[in-house]
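Colleague: Hi! Could you walk me through this one before I set anything up?
Modeller: Happy to, here it is.
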Amino acid sequence: MKVNLEQTREYYQTLTKEDICQCDYCRNYAKLVRDAYPQVSKYLDKFGIDIEKPYELGMPFDDKVNRRLNYHFCMYLVFGSCEDDFSELIDDIEFCKAISFPKPNVEPKEPYFILECFGVCLDMDDEFDFD
């Protein structure tokens with residue numbers, strides 16, 4: 001990956017909580033993912049990506065018996081370029097370049113790509129209503 005660190009970091013710094021989906025599943029992700037996956041958080045941070053501000057989340061599969069949410073996928077917008085066959089494994093989380101994704105709500109001034117990851121599983125925080 002060739003990441004425009006300054007542009008990517010600026011993008012994430014300007015995102016507010018209101019810019020991120022406020023459904024209980026997304027709020028659960030934002031609240032718990034950093035502590036649950038510290039190595040993944042460090043990996044994303046070195047590219048200027050805030051792990052708590054995903055571009056898109058796949059609706060999770062819920063395991064209400066064990067109070068766990070298995071997020072189908074997580075996507076992050078990154079300024080720069082990435083090889084189509086990019087693949088990285090960090091803490092059992094698989095990263096690759098997304099080939100299909102919703103068009104960004106912003107009109108990026110720079111080239112960008114979507115970094116996608118798979119395998120995130122989080123507890124269901126009691127603060128949220130998943131029924």
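Modeller: One term to start with: two strands pair if DSSP finds at least two bridges between them. Also keep in mind that this is a predicted model.
Colleague: Thanks! With that in mind, how many bridges link β7 and β8, and in which sense do they pair?
Modeller: Strand β7 (residues 93–97) and β8 are antiparallel, with four bridges. Within that pairing, E94 stands opposite F118 of β8.
Colleague: And β5, how does that strand pair with β8?
Modeller: Strand β5, residues 74–81, also runs antiparallel to β8, over six bridges. F79 has Y112 in β8 as its bridge partner.
Colleague: Why is β8 largely enclosed?
Modeller: Five of the seven residues in β8 (residues 112–118) are buried, so the rest of the structure largely encloses this strand.
Colleague: Zooming out, what's the overall pattern along the sequence?
Modeller: The order is β-α-α-α-β-β-β-β-β-β-β-β, made up of three helices and nine strands. The radius of gyration is 14 Å, close to the 14 Å from the globule rule for 131 residues, so the protein is as compact as a globular protein of that length.
Colleague: What box do the C-alpha atoms fill?
Modeller: Roughly 45 × 30 × 25 Å along the principal axes.
Colleague: Last one, charges: how far apart are the mean positions?
Modeller: They are 3 Å apart, for 15 positive and 28 negative charges.

Terms used:
Residues numbered from 1 in each chain as written. Predicted model: local features only at pLDDT ≥ 70, side-chain atom pairs only at ≥ 80, totals over all residues. Heavy atoms only, no water. Buried < 20%, exposed > 50% of the residue type's maximum accessible area, 1.4 Å probe, protein only. Helix = DSSP H or I, 4+ residues; strand = E, 2+ residues; numbered from the N terminus. Rg over C-alpha atoms; globule rule 2.2 N^0.38 Å. Lys, Arg positive; Asp, Glu negative; His and termini not counted. Charge placed at Lys NZ, Arg CZ, Asp CG, Glu CD.
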